[in-house]
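Here is a short tour to follow in your viewer. Open the model, show the side chains, and select along with me.

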Amino acid sequence: MPLSPLNAISPIDGRYRSKVSELAPFFSEEALIKYRVLVEIEYFMALCNIPLPQLEGIDRSVFNDLKAIYTHFSSEDALAIKKIENVTNHDVKAVEYFIKEKFDALGLSQYKEFIHFGLTSQDINNTAIPLSIKDAIEAVYIPEFTLLLNKLKDLSNAWANIPMLARTHGQPASPTRLGKEISVFVARLEAQFEVLKTIPNAAKFGGATGNFNAHHVAYPNIDWKIFGSNFVKQKLGLHHSFPTTQIEHYDHMAGLFDALKRINTILIDLDRDIWTYVSMDYFKQKIKAGEVGSSAMPHKVNPIDFENSEGNLGIANAIFEHLSAKLPVSRMQRDLTDSTVLRNVGVPFGHTLIGFKATVKGLDKLVLNESKFTEDLENNWAVVAEAIQTILRREGYPNPYEALKGLTRTNTKINSTSIANFIDTLEVSNTIKEELKRITPSNYTGI
């Protein structure tokens with residue numbers, strides 16, 4: 001049965017494929033193969049540029065043809081490599097053999113033993129995968145994150161002057177403003193994004209156990225550490241980890257995943273808050289013709305986008321958590337557990353992308369129900385007690401907290417009249433009384 005969205009095992013490649021398809025050029029099997037080919041080709045050309053004595057005679061004009069092997073890499077090329085892998089049972093070796101065939105076709109057979117010269121497969125994997133992650137973040141993650149962040153900024157500005165009853169411990173608390181509460185999430189996201197940008201995309205490049213053994217024994221007069229660092233930094237745009245074992249130690253990658261996880265956690269917090277505000281009738285949701293909210297209850301318009309986002313971001317975080325906990329741990333100079341784990345790197349990115357898009361979709365549906373905000377404030381005049389007792393403290397009034405506690409900590413409803421009557425009983429000047437009476441739940445919102 002041909003693979004399709006209907007028979008895919010993972011919902012990322014099934015139900016949600018249309019939402020994550022832009023990640024395929026970075027995290028699919030074909031993409032991984034292409035990135036391996038890129039690293040092998042660029043490495044060979046870097047050896048030519050030293051130059052190694054045996055590569056001095058190569059015509060540099062052929063470099064464009066070599067680059068074309070990965071710039072014009074096709075699905076047919078990927079299938080050809082997979083066919084070779086069926087024989088070799090080794091994915092990176094299959095890439096090497098594929099490129100050797102290309103060298104034969106280009107009349108470069110005499111140079112093809114310098115493909116993968118002195119390297120182990122992890123020199124290719126531990127550069128290809130960080131490079132694909134770096135490219136995916138730049139091309140897909142950052143634009144989607146920015147779209148979501150800008151949406152929150154717009155809402156924060158639009159709702160800047162909407163007074164809202166705050167709730168701490170689920171109970172009515174000192175009023176705030178809706179726009180300010182959204183701006184809290186903006187500030188949190190921006191802070192974590194700045195952290196994310198400081199984390200290097202690190203790569204290992206140093207031979208079978210990280211010491212350039214094979215390189216050094218063949219050409220002892222070349223400084224291979226400098227060569228490796230220059231290749232990784234200047235050609236691939238990655239941070240060169242050195243010294244390492246056979247594999248990259250993944251500490252930076254773990255830090256990257258932890259940073260992505262923190263951003264997702266903030267958005268889960270946002271999703272739950274907005275969901276709660278919808279349940280409190282602070283927001284209505286735009287109705288789309290033909291949509292059904294419940295199979296049994298026709299009236300329902302559910303906040304499903306925020307629920308969808310929360311669920312997908314939670315799955316993403318669970319996988320990011322495992323990746324960041326597992327990858328830095330390897331037995332001695334290398335075990336193979338990182339290989340199978342790394343093949344799942346695209347999965348949490350996919351669930352993250354689905355979460356981002358669902359949150360934006362949900363935010364776009366919100367319709368402000370200002371009357372409900374006003375109603376809740378009007379029903380909770382007790383929240384101005386803090387303001388009154390603070391001004392009384394300023395005026396040196398005896399035991400102001402206790403006086404307000406006696407008024408408000410009862411089961412009797414507090415309203416504007418009972419607050420005004422209480423103020424009239426205070427032994428303060430009429431000027432102070434007028435000042436106190438100007439305080440309402442709607443204007444006691446701070447700065």
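Two terms come first: buried means under 20% relative accessible area, exposed over 50% and partly exposed in between (1.4 Å probe, protein chains only). Helices (H or I, at least four residues) and strands (E, at least two) are DSSP runs, numbered from the N terminus. You are looking at a predicted model, where local features need pLDDT of at least 70, side-chain atom pairs count only at pLDDT 80 or more, and totals for chains, interfaces and linings use all residues. Residues are numbered from 1 along each chain as its sequence is written, and side-chain values use heavy atoms, leaving out hydrogens and water.

Start by selecting helix H15 (residues 370-378), where Lys372, Phe373, Asp376 and Leu377 are buried. They lie on the same side of H15, because they cover an arc of only 135° around the axis (taken from the directions from the helix axis to the C-beta atoms).

Next, go to Gln122 in helix H7 (residues 121-158). Gln122 is buried, at 2% relative accessible area. Beyond its neighbours within four places in sequence, its contacts (heavy atoms within 4.5 Å) include Lys204, Tyr250 and Asp338.

Now select Lys204, which forms a salt bridge with Asp123, with the closest N and O atoms 2.7 Å apart. Lys204 lies in strand S3 (residues 202-204) and Asp123 in helix H7, so the pair ties together parts 81 residues apart in sequence. A salt bridge here is a side-chain nitrogen of Lys or Arg within 4 Å of a carboxyl oxygen of Asp or Glu. Both Lys204 and Asp123 are buried.

Finally, pick Glu29 and Arg343, a salt bridge at 3.0 Å between the closest N and O atoms.
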